[in-house]
Amino acid sequence: MLSTPEPDATAEAVHEAMLAHPEEDVTALAARLDLTGDQVRSALDRLSELALVHPSSDPVSLG
């Protein structure tokens with residue numbers, strides 16, 4: 001049986017924070033979640049792999 005890939009707890013927290021605070025960049029999300037910028041970026045990579053987020057053309061949102 002095939003399993004559906006799921007985000008880990010950090011990726012899930014980042015995704016929820018992004019939905020609640022779409023105006024925040026990586027730095028703000030990291031501060032909000034008590035994570036490093038690298039942890040948020042790694043979570044965003046995972047979310048992208050799962051097609052839950054996609055890169056923005058807005059450089060401000062990339063932090």
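Visitor: How do the axes of H1 and helix H2 cross, and how far apart do they come?

Guide: This is a predicted model, by the way. In it, the H1 axis and the axis of helix H2 (residues 26-33) cross at roughly 115 degrees and come within 10 Å. H1 passes H2 in a right-handed crossing.

Visitor: Which residues make that contact?

Guide: On the H1 side you have Ala13, Val14, Ala17 and Met18, and H2 brings Leu29, Arg32 and Leu33. Sorted by class, that contact has 6 nonpolar residues, no polar ones and 1 charged.

Visitor: What makes alanine 17 part of it?

Guide: Contact takes heavy atoms within 4.5 Å. Leaving aside residues up to four places away in sequence, alanine 17 touches Leu29, Arg32 and Leu33.

Visitor: What makes up the largest nonpolar core?

Guide: It has 10 residues: Ala11, Val14, Ala17, Val26, Leu29, Ala30, Val40, Ala43, Leu47 and Val53. To belong to such a core, a residue has to be buried and joined to the others through side-chain atoms within 4.5 Å, and buried means under 20% relative accessible area. H1, H2 and H3 are the elements that each give two or more residues to this core.

Visitor: How do you know whether aspartate 34 is buried or exposed?

Guide: Check the number: its relative accessibility is 70%. Exposed starts over 50%, so aspartate 34 counts as exposed. You'll find aspartate 34 in the loop between H2 and H3.

Visitor: Where is alanine 51, and what is its phi?

Guide: Alanine 51 is in the segment after H3. Its phi is positive too, about 60 degrees, and again this is not a glycine.

Visitor: Why does alanine 51 count as exposed?

Guide: Because its relative accessibility is 65%, and the cut-off for exposed is over 50%.

Technical notes: Residues are numbered from 1 along each chain as its sequence is written. This is a predicted model: local features need pLDDT of at least 70, side-chain atom pairs count only at pLDDT 80 or more; totals for chains, interfaces and linings use all residues. Side-chain values use heavy atoms; hydrogens and water are left out. Axes are lines fitted to C-alpha atoms, for helices over the stretch in contact, and angles run from 0 to 180 degrees between N-to-C directions. Helices (H or I, at least four residues) and strands (E, at least two) are DSSP runs, numbered from the N terminus. A crossing is left-handed if the near helix is turned anticlockwise from the far one by less than a right angle, and right-handed if clockwise. Ala, Val, Leu, Ile, Met, Phe, Trp, Tyr, Cys and Pro count as nonpolar, Asp, Glu, Lys and Arg as charged, and the others, Gly among them, as polar. Buried means under 20% relative accessible area, exposed over 50%, partly exposed in between (1.4 Å probe, protein chains only).
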